[in-house]
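Thanks for coming, everyone. Let me put the model up on the screen and then we'll walk through a few spots together.

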Amino acid sequence: MSIKFPIYLDHNATTPMDQRVLEAMLPYFCEKFGNAASRNHAFGWEAEKAVDLAREQVASLIGADSKEIIWTSGSTESNNLAIKGAAYMYGARKGKHIITAEHEHKATLDPCKRLEKEGYQVTYLDPPLDGVITAQMVKAAMRPDTVLVTLMWANNEIGTINEIPQIGKLCKENEVIFHTDATQMIGKLPIDVEAAGVDLLSASAHKIYGPKGVGCLYVRRRRPRVRLTAIIDGGGHERGMRSGTLNVTGIVGMGKACELCRTDMSDDAIRLGGLRNKLEAAITSELDGVAINGALDQRIPHTSNISFAWVEGESLMMAIKEIAVSSGSACTSASLEPSYVLKSLGVGDDLAHSSLRFGLGRRTTEEEIDYTIQKVISGVKKLRELSPLYEMHLEGIDLSTVEWADH
Ligand SMILES: *Cc1c(COP(=O)(O)O)cnc(C)c1O
């Protein structure tokens, strides 16, 4: 089989929409265009019926009741509603302390920072080198005035999975609301909000082969009944928690995407896990000075974050231009900053700058992975041949003892 270029290995950033999702959505653009809030005619009923089916499809993927799904524009909005909504609702009565972690997504960290400006106190747990937040770490940070714990289920940069069920149990015991950003976990591995003791859960369609700009927040209705202060007011849609005319087309797409995950998830996980392991095994056996970031045995199956010592991630990306991956550096206004996620684990700036994230997906083929393996290995070797640092390493010079001349 021939490979179609460029090869897409950045599925943690977004996924291509599944053709079957598009087909489910199409009738809802022009033909079945009703407003789901129009309670008094057939156009509205038709739209509402489609939205209700999508609610069932999302709910059954995560073990929830369909009444517990609140539609949003994506995980950024879901996280904002969960974190600010719970803080405002419970902050005045119980306390103003929130627990999160340093390697969370900005869509969690920025709402937390906003709340700090408003008088809340936030503990940012410092993750260990393997990236996994344990219940023990959360317990040590818990205070009588803790109202909310917000921790992602799986990390978007390194793919590691936090101890969510254990943390959920701890939160229940302490009557603390527990929110998890499950954007990278849902549809990839089985999850159950009951078994995991989750009160609030964020998900986004475009990370699971659905359309961009639609997502949802699961809000627990029993044991306990979680209440949130709305962030968007007007009209009282979605049990008053999120006003605004529903994006029926997008919602139909998210529902279909969830249904497909439910049927395809276990096969995808086995196949992509196998390809990911092949990629890692080939690269680590062929190259020295490579390290896989994050706990190897506690990761989502399609994600791999690898550091290549003595090579700049950005240069390596240029050397493998026909393969779309992400690097461990982020462009800020003036300079290239090493990933704050890798830094928080204790990965040094040099190695963080030398890191690439490979995100496999439903359409990734073995041929693409074989090609990627060859390209990465030859790219790293070529760049190292040009690297004076690598030469010094080969000559046995310990780079940490070198005294650099000041410019
Ligand atoms: C992509 C992502 C988000 C943001 O989701 P949007 O739907 O794009 O707003 C939040 N959290 C995690 C972990 C993500 O991977």
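Predicted model: local features only at pLDDT ≥ 70, side-chain atom pairs only at ≥ 80, totals over all residues.

Residues are numbered from 1 along each chain as its sequence is written, and side-chain values use heavy atoms, with hydrogens and water left out.

Okay, back to aspartate 18. Its partner in a salt bridge is arginine 362, with the closest N and O atoms 2.9 Å apart. By salt bridge I mean a side-chain nitrogen of Lys or Arg within 4 Å of a carboxyl oxygen of Asp or Glu. Aspartate 18 sits in the loop between strand E1 (7-8) and helix H1 (19-25), and arginine 362 in the loop between strand E15 (355-359) and helix H13 (366-385), so this pair ties together parts that are 344 residues apart in sequence. Helices here are DSSP runs (H or I) of at least four residues and strands (E) of at least two, numbered from the N terminus. Arginine 362 is buried too, at 13%. And there's a network of salt bridges that links Asp18, Arg20, Asp264, Asp268 and Arg362.

How many salt bridges does the count come to? It comes to 23. Another one joins lysine 278 and glutamate 366, at 2.7 Å from N to O. Lysine 278 is partly exposed at 31%, and glutamate 366 is partly exposed at 41%.

Now, the ligand. Which side chains make polar contacts with it, meaning pairs of N or O atoms within 3.5 Å? Among them is aspartate 181, with a polar side-chain atom 2.6 Å from a ligand nitrogen. Serine 204 has a side-chain N or O atom 2.6 Å from a ligand oxygen, and histidine 206 puts a polar side-chain atom 2.8 Å from an oxygen of the ligand. On its own the ligand has 380 Å² of accessible area, and the protein covers 87% of that, by the Shrake-Rupley method with a 1.4 Å probe.

Definitions and conventions
Polar contact = N/O pair within 3.5 Å; in protein donor to acceptor, adjacent residues only side chain to side chain. Buried < 20%, exposed > 50% of the residue type's maximum accessible area, 1.4 Å probe, protein only.
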